[in-house]
Amino acid sequence: WDALNRVAAQPAADGALPQLYAATMTDVRSGEYFGPARLFGMRGGATRVDSTKRSHSQEDATRLWDVSEDLTGVSFPWPQGGAGPR
């Protein structure tokens, strides 16, 4: 696994770059996704990437939100009265 990781994976600090870019850069628009630029999206700096079809699933988003609230014990009120991103 070590040899495979040296080829296909990257250090954690490099893996955090797409999220840091998305969170801090002024040219990022709502709904954009960022990931590594090279080796089939597994290595490299931050680049805009296409989101998956499933990333647009309202059902999956709601389930993830509900599970997150259950596991953390933290709830956030939403303007439209529902829990989570409904």
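A salt bridge here is a side-chain nitrogen of Lys or Arg within 4 Å of a carboxyl oxygen of Asp or Glu. The side chains of Arg48 and Asp27 meet that rule, at 3.4 Å from N to O. The count by this rule comes to 4 salt bridges. This is a predicted model, in which local features need pLDDT of at least 70 and side-chain atom pairs count only at pLDDT 80 or more, while totals for chains, interfaces and linings use all residues. Residues are numbered from 1 along each chain as its sequence is written, and side-chain values use heavy atoms, with hydrogens and water left out.

**Confidence**

- The chain has a mean pLDDT of 82, where pLDDT is the predictor's confidence in each residue, from 0 to 100.
- A pLDDT of 70 or more is reached by 90% of the residues.
- Confidence is lowest in helix 1 (residues 2–8), at a mean of 77.
- Confidence is highest in helix 4 (residues 58–72), at 91.
- Helices (H or I, at least four residues) and strands (E, at least two) are DSSP runs, numbered from the N terminus.
- Where pLDDT is low, the predicted coordinates should not be read in detail.

**Salt bridges around Arg48**

- Arg48 pairs with Asp27. Arg48 lies in strand 2 (residues 43–49) and Asp27 in the loop between helix 3 and strand 1 (33–38), so this pair ties together parts that are 21 residues apart in sequence.
- Arg48 is partly exposed, at 39% relative accessibility. Asp27 is also partly exposed, with a relative accessible area of 34%.
- The cut-offs are under 20% relative accessible area for buried, over 50% for exposed, and in between for partly exposed (1.4 Å probe, protein chains only).
- Glu32 also forms a salt bridge with Arg48, at 2.9 Å from N to O. This pair links distant parts of the chain, 16 residues apart, with Glu32 in the loop between helix 3 and strand 1 and Arg48 in strand 2.

- Asp60 forms a salt bridge with Arg54, and their closest N and O atoms are 2.6 Å apart.
- Asp60 is partly exposed, at 27%, whereas Arg54 is exposed, at 63%.
- Salt bridges that share partners join Asp27, Arg29, Glu32 and Arg48 into one network.

**Pro18**

- Pro18 lies in helix 3 (residues 17–24).
- Pro18 counts as buried, at 3% relative accessibility.
- Beyond residues up to four places away in sequence, Pro18 touches Phe34, Gly35, Pro36 and Ala46. Contact means heavy atoms within 4.5 Å.
- Pro18 and Gly35 are 17 residues apart in sequence. In space they are 5.2 Å apart, C-alpha to C-alpha.
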